Amino acid sequence: VFPSLAQAQASVANEVYQELGQPSVFLFCPTEYCSSLCSPSPSQSCYLKTIGQELLPGIGVIWTGPKVVSQELSGVLLEEVEAVLRRRPVIWDNLYANDYDCRRVFLGPYMGRAPGLMSRLHGLLLNPNCELQANFIPIHTLGTWFQSELGSCAHPDRAGMEEVAALGDSQGAQDGSYSPQEALELALHDWVAEINQQALEPGR
């Protein structure tokens, strides 16, 4: 019936989206959902070009970055993806995901995401560790990053420095940008307070 997989997927997604009354949040995960799955690249992918052309504009498209688990996300890559998809992507961030290797638990701060990134996103979903209690630092530091991004949106001149700024640590509180190390220290402070509070509760 369909000349390509992309056209088939777009057709089905569009029909479901319309049948549901075009909800404000409707997400589509493409078969090529990161750069490493695209042939030869996101901007040259026939599959992604068709998805961008055929998918109704109100449907959000999920993207994980350069890889399934991306250590870094840059504004340049997201511009390329936005151009081919004809919409800003929804990042499905697998930075902390450990469902593929449950022997590992990721407790570091949210990092590797360029400053000013939020203005290039339609949304961001964090895929956490499978172990609930291990996600205090990831979620806490994500919140600190998000607050710094809100500040960047309020000061666009600062957001334009993303390709110059390091993707890891930065000047932090000195210039109002996000510092993974400072975010980690804040998270550890609050986590210890939370643990101490739970220890005082009856039955703990």
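# Exercises on a predicted protein model

Arg 86 has a relative accessibility of 56% and therefore counts as exposed; the term exposed means over 50% relative accessible area, buried means under 20%, and partly exposed lies in between (1.4 Å probe, protein chains only). The model is predicted, so local features need pLDDT of at least 70 and side-chain atom pairs count only at pLDDT 80 or more, while totals for chains, interfaces and linings use all residues. Residues are numbered from 1 along each chain as its sequence is written, and side-chain values use heavy atoms, with hydrogens and water left out.

## Exercise 1: The overall plan

Task. State how many helices and strands the protein has, and in which order the elements run from the N terminus on.

Solution. 
Step 1. Helices (H or I, at least four residues) and strands (E, at least two) are DSSP runs, numbered from the N terminus.
Step 2. The protein contains six helices and four strands.
Step 3. Read from the N terminus on, the order of these elements is α-β-α-β-α-β-β-α-α-α.
Step 4. Of the 204 residues in the protein, 41% are buried.
Step 5. Contact means heavy atoms within 4.5 Å. Among the contacts with a separation of 6 or more, 71% join residues 24 or more positions apart.

## Exercise 2: Arg 86 and its surroundings

Task. Determine where Arg 86 lies, which residues Arg 86 is in contact with beyond its neighbours in sequence, and what phi Arg 86 has.

Solution. 
Step 1. The position of Arg 86 is the loop between H3 and strand S3 (90-93).
Step 2. When neighbours within four places in sequence are left aside, Arg 86 is in contact with Gly 52 and Gln 53.
Step 3. Arg 86 and Gln 53 are separated by 33 residues in sequence, yet their C-alpha atoms are 7.4 Å apart in space.
Step 4. Most residues other than glycine have a negative phi, and most peptide bonds are trans. Arg 86 has a positive phi, near 60°, and is a residue other than glycine.

## Exercise 3: Further backbone features

Task. State what phi Gln 22 has, and which form, cis or trans, the peptide bond from Ser 39 to Pro 40 takes.

Solution. 
Step 1. Gln 22, found in the loop between H1 and S1, is not a glycine but has a positive phi of about 50°.
Step 2. The relative accessible area of Gln 22 is 46%, so this residue is partly exposed.
Step 3. From Ser 39 to Pro 40 the peptide bond is cis, with omega near -5°.
Step 4. Pro 40 belongs to the loop between S1 and H2. Ser 45 lies in the loop between strand S1 (27-28) and H2.
Step 5. Ser 45 has a relative accessible area of 0% and is therefore buried. Not counting residues up to four places away in sequence, Ser 45 touches Glu 32, Cys 38 and Ser 39.

## Exercise 4: The largest nonpolar core

Task. Identify which members of the largest nonpolar core touch the most other members, and which element supplies the largest share of this core.

Solution. 
Step 1. A nonpolar core is a set of buried Ala, Val, Leu, Ile, Met, Phe, Trp, Tyr and Cys residues joined through side-chain atoms within 4.5 Å.
Step 2. The largest such core has 32 residues, of which Leu 55 and Trp 63 touch the most other members.
Step 3. At least two residues of this core come from each of helix H1 (5-19), helix H2 (46-54), strand S2 (60-63), helix H3 (75-85) and helix H4 (136-154). The largest share, five residues, is supplied by H3.
Step 4. In H3, the buried residues include Leu 77, Leu 78, Val 81, Val 84 and Leu 85. H2, S2 and S3 are among the elements that cover the buried residues of H3.
Step 5. Apart from neighbours within four places in sequence, Leu 55 is in contact with Ala 10, Ala 13, Asn 14, Phe 28, Thr 50, Val 61 and Arg 87.

## Exercise 5: The packing of H1 and H2

Task. Describe how the axes of H1 and H2 cross, and which residues of the two helices meet.

Solution. 
Step 1. Axes are lines fitted to C-alpha atoms, for helices over the stretch in contact, and angles run from 0 to 180 degrees between N-to-C directions.
Step 2. The H1 and H2 axes come within 9 Å and cross at roughly 30°.
Step 3. On the H1 side Leu 5, Ala 6, Gln 7, Gln 9, Ala 10 and Asn 14 meet Tyr 47, Thr 50, Ile 51 and Glu 54 on the H2 side.
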